[in-house]
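Student: I have a structure open and would like to go through it with you. Could we start with the helix and sheet packing?

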Amino acid sequence: MQEAQEELALHFDQLLSELRQGHLNEFRELFLSLHIYDQAQFYQSLEEQERERLYTYLSPKELADMFDVIEEDNEHMKDYLDEMRPNYAADMLSEMYSDNAVDLLNTLDKSQVSKYLSLMDVEDASEIKELLHYEDDTAGSIMTTEFVSIVANQTVRSAMYVLKNEADVAETIYYVYVVDTDNRLVGVISLRDLIVNDDDTLIADVMSERVIAVHVGDDQEDVAKTIRDYDFLAVPVTDYDDHLLGIVTVDDIIDVIDDEAASDYSGLAGVNVEEVSENPLKAASKRLPWLITLLFLGMSTASLISHYEELVSEASILAVFISLITGTAGNAGTQSLAVAVRRIAMSDDKDTSFVSLIVSEVLTGLITGAVTGLTIFLIVGIWKHNFTLGFVIGMAMLCAITVANLAGSLIPMLMDKLGFDPAVASGPFITTLSDLTSVLIYFNIASLFLQYFM
């Protein structure tokens with residue numbers, strides 16, 4: 001691996017040298033011999049002046065192939081387009097796969113989008129305009145219209161002819177979709193089936209009529225689950241009347257999974273995990289709203305402790321174990337939250353009843369709370385030579401963990417039932433809420449047994 005990286009670095013150095021010296025043919029030969037991903041990495045490592053020279057060395061099609069693999073959320077994408085001549089950029093966007101071009105255009109303001117669309121070929125612009133109208137995070141917003149479709153009354157020979165003619169512009173050719181005269185999806189046939197069957201065989205005789213498709217308005221996360229569950233390389237997208245509109249390919253689904261994972265983790269952490277490249281002021285502005293909100297919730301905990309100030313003054317030993325109980329309960333709540341969000345994301349668990357899940361979480365909380373409580377009971381009893389105090393700490397731990405475990409599961413599940421993103425029930429929020437409830441539990445139990453351990 002290290003040798004390959006060193007070899008690639010030397011290749012990049014040689015490429016940069018050829019580019020700076022203006023050796024057009026040598027640069028093109030070296031550059032086009034690279035894998036498209038490595039081309040994109042080299043391109044992104046260049047300075048603006050070097051990229052401007054590169055645009056004169058590559059055709060819009062060659063640049064489009066590279067831009068198809070650059071993440072559309074790259075913060076420099078807008079700058080890249082601004083560096084190009086408008087006609088060159090429009091031609092490049094026309095050559096990209098439509099779904100990738102749409103993702104890129106969605107990062108621009110409306111005036112820029114209009115400018116590039118007006119410079120494109122009418123047919124390409126019309127296709128992209130149609131995709132731009134679909135709502136974000138739906139099947140329509142991530143589908144591509146570059147696919148191969150045939151009709152059922154064709155022979156394998158004619159279908160292969162269509163495939164050969166359209167393969168160059170199709171995003172994937174491993175599945176060929178069969179439509180009727182009204183463009184309704186009626187079947188699917190794989191490239192393998194086309195190859196192994198006789199040329200004169202009718203498509204209707206060898207196609208599979210059981211087609212798994214998604215609706216154009218389906219959430220992208222549901223589309224990802226469909227591709228995952230069926231091990232598809234692509235899935236067709238239809239409208240309400242089963243008209244074939246496009247396909248979603250597995251490479252787009254990988255991006256969706258990455259985005260959803262980042263979104264869920266951001267929710268659990270209460271911070272945008274994709275802000276690593278931002279300046280400190282901008283990063284702080286995004287973190288502060290959560291922190292200020294949690295600060296006020298934390299003040300409730302501080303006020304509650306203040307309410308029990310007299311109890312703490314009578315038995316100062318109680319103060320020693322506040323952070324232990326709140327911290328452990330918070331950890332238990334965060335664990336429960338993570339499992340709950342994961343459970344909601346798994347479609348297989350949606351058939352499980354809400355009540356049974358709650359019962360399961362309560363039992364889990366009781367078991368973990370009992371074991372943890374028993375452990376701290378023995379530790380405090382031996383350490384402080386006071387098993388009554390150990391019992392109070394242990395009982396508080398048991399109850400606090402059970403409540404935190406239940407809250408960590410119940411809150412995201414309720415949010416999911418109400419149609420909200422369960423990941424919004426962030427880890428910091430659950431932890432702070434657990435602090436509040438565990439303090440309340442702890443001091444109430446302590447007040448009941450105060451006379452026995454004083």
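Tutor: Helix H15, residues 220–230, lies across S4, S5 and S6 and runs at about 135 degrees to S5. Please keep in mind that this is a predicted model.

Student: What is the order of the strands in that open sheet?

Tutor: The order is S4-S5-S6, and the pairing in this three-stranded open sheet is mixed. Strand S4 (214–215) and strand S6 (244–249) are the edge strands, each pairing on one side only.

Student: How many bridges join S4 to S5, and do they run parallel or antiparallel?

Tutor: S4 and strand S5, which covers residues 234–238, are joined by two bridges and run parallel.

Student: Which residue in S5 does His215 stand opposite?

Tutor: His215 stands opposite Thr238.

Student: Changing topic, where does UniProt place the "transmembrane region" feature?

Tutor: The unreviewed UniProt entry places it at residues 288–305, 317–341, 362–383, 389–411 and 423–445.

Student: What is the helix content of 317–341 and of 362–383?

Tutor: Residues 317–341 are 96% helix and 0% strand, with the end C-alpha atoms 38 Å apart. Residues 362–383 are 100% helix and 0% strand, and there the end C-alpha atoms are 30 Å apart.

Student: Which residues is Ser94 in contact with, leaving aside neighbours within four places in sequence?

Tutor: With those neighbours set aside, Ser94 is in contact with Met120, Asp121 and Asp124.

Note on methods:
Residues numbered from 1 in each chain as written. Predicted model: local features only at pLDDT ≥ 70, side-chain atom pairs only at ≥ 80, totals over all residues. Heavy atoms only, no water. UniProt positions renumbered as here; feature names shortened; annotations may be inferred. Helix = DSSP H or I, 4+ residues; strand = E, 2+ residues; numbered from the N terminus. Pairing = 2+ DSSP bridges. Contact = heavy atoms within 4.5 Å. Axes fitted to C-alpha atoms, helices over the stretch in contact; angles between N-to-C directions.
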